[in-house]
Amino acid sequence: MPLFKKDPLQIIPFQGYGTSSHFYVRGRALEDEGIDLSKRSFLQLLRNTWKRFETDEIPHANLKIKLPDDRFVYSKTDSNGYFKVDEQLNDLDRLVNTEGWLAFNMSFQDSFAGQPINNDNNFQGEILIPSSNSSFGVISDIDDTILHTGVTSTLKWRLIFNTLFRNAESRSPLEGAAQFYHQLHRGANGKEANPIFYVSHSPWNLYRYLAFFLQHNDFPKGPILLRDMKSVFGKKAQDEKPQKQKEIVNILKTYPTMEFVLIGDGGEHDADIYIEIAKAFPKRIKAIYLRSVADQKRMLRIKGLFDSYKDTPVLLVNKSDDAIVHARNLGLLH
């Protein structure tokens, strides 16, 4: 009998997005460390933090996806346990619910001697195929846009502390943000299903933490798009675009006829990224909303940027109510 019992295996499909003919989803296969996101003791928070970043991935595992119409798609994890499925399939829009979500099941194809597999080897995933009952999409940053992180604090000490040592359930969303997003989701007639996409510089290790936060605080469900840990600390080429910008561009290219609202904050580079995207995709960006931050130098710089850019309606947001009024005047809200 082994001295240490092995943790059961699990597959974590990250909520993805696609079209009626494009199935695209990413995820990871890991040992289940039993992270309980509702635990609040400091010792438990330390333990959960360690488990989130000290992962035991399942490399080179063969995976199987079963769609609701009994079609199968296959994938394989890489050396870090990540997988990506990017397949051209037909009639996927016939498999979605009224909100545009397509549910599927995943399983391991391999057996692992002496190591159990959770959930009877049945793991649930979803991708979003925007409903025909939508008139625009929303792409939102997470850090300091809907979640207090302290990204602008000196040496980012507050961001580090909040991310590592605070429970997702105890984190506070920015006031009124969830209401604003729900109104955007429901659109001008109050009955739409406008897709919401969440993007962040955070690594995929925080996926379940952020998903739990959004669900606990009643934000509309939407794909959460993060980045690999190696890209968080790795040095990128001077002319390489930030991962968040790449994700936004990919969304716009995936839905070439859809217009979008971009939401971010004044803390880092959202203003520059959003202006560049609006110029690259003329008439595709309906509005830009940027949460104001306490750093006056940053805000003065951002105001200067938008003083010379008038092609897209822009609002520097102090309160969510101001954004709601602005969006309603643009005809985006009921």
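The legends below describe several close-up views of a predicted protein model.

Residue numbers start at 1 in each chain and follow the sequence as written. Because the model is predicted, local features need pLDDT of at least 70 and side-chain atom pairs count only at pLDDT 80 or more, while totals for chains, interfaces and linings use all residues; side-chain values use heavy atoms, with hydrogens and water left out.

**View 1. Confidence along the protein chain.** The average pLDDT of the protein chain is 83, and 80% of the residues score at least 70; pLDDT is the predictor's confidence in each residue, from 0 to 100. Over residues 150-162 pLDDT stays under 50, and the model has 24 contacts beyond four places in sequence for them, a contact being heavy atoms within 4.5 Å. Where pLDDT is low, the predicted coordinates should not be read in detail.

**View 2. The open sheet of 3 strands.** The strands follow the order E1-E3-E6, and their pairing is antiparallel. Strands (E, at least two residues) and helices (H or I, at least four residues) are DSSP runs numbered from the N terminus, and two strands pair if DSSP finds at least two bridges between them. Strand E1 (9-14) and strand E6 (82-88) are the edge strands, each pairing on one side only. From one strand to the next, the twist averages 25 degrees; axes for such angles are lines fitted to C-alpha atoms, for helices over the stretch in contact, and angles run from 0 to 180 degrees between N-to-C directions. Strand E3 (residues 22-31) pairs with E6 in the antiparallel sense over 7 bridges. Arg26 has Lys84 in E6 as its bridge partner.

**View 3. The open sheet of 5 strands.** Here the order is E2-E8-E7-E4-E5 and the pairing is mixed. Strand E2 (16-17) and strand E5 (72-76) stand at the edges with a single partner strand each, so one side of each has no neighbour in the sheet. E2 and E8 run parallel and are joined by 2 bridges. Strand E7 (residues 101-108) pairs with E8 in the antiparallel sense over 6 bridges. Ile127 in E8 stands opposite Gly16, and Leu102 also stands opposite Ile127.

**View 4. The second largest pocket.** The volume of this pocket is about 620 Å³, taken as the space filled by probe spheres set on grid points that are joined across faces, edges and corners. On a 1 Å grid over the protein atoms alone, a pocket is an open set of points where a 1.4 Å probe fits, with protein on both sides within 12 Å along at least five of seven lines; lining residues have an atom within 4 Å of a point. Of the 22 lining residues, Gln15, Tyr207, Arg208, Ala211 and Gln215 are the closest to the pocket centre. E1, strand E8 (123-128) and helix H4 (207-216) each give two or more residues to the lining, and H4 gives the most, with 6 residues. The lining divides into 12 nonpolar, 7 polar and 3 charged residues.

**View 5. Two loop residues with positive phi.** Asp218 has a phi near 60 degrees, a positive value in a residue other than glycine. Asp218 is placed in the loop between H4 and strand E11 (224-227). Phi of Lys283 is near 65 degrees, and Lys283 lies in the loop between helix H7 (270-280) and strand E13 (285-291).

How values were computed:
Nonpolar A, V, L, I, M, F, W, Y, C, P; charged D, E, K, R; others polar.
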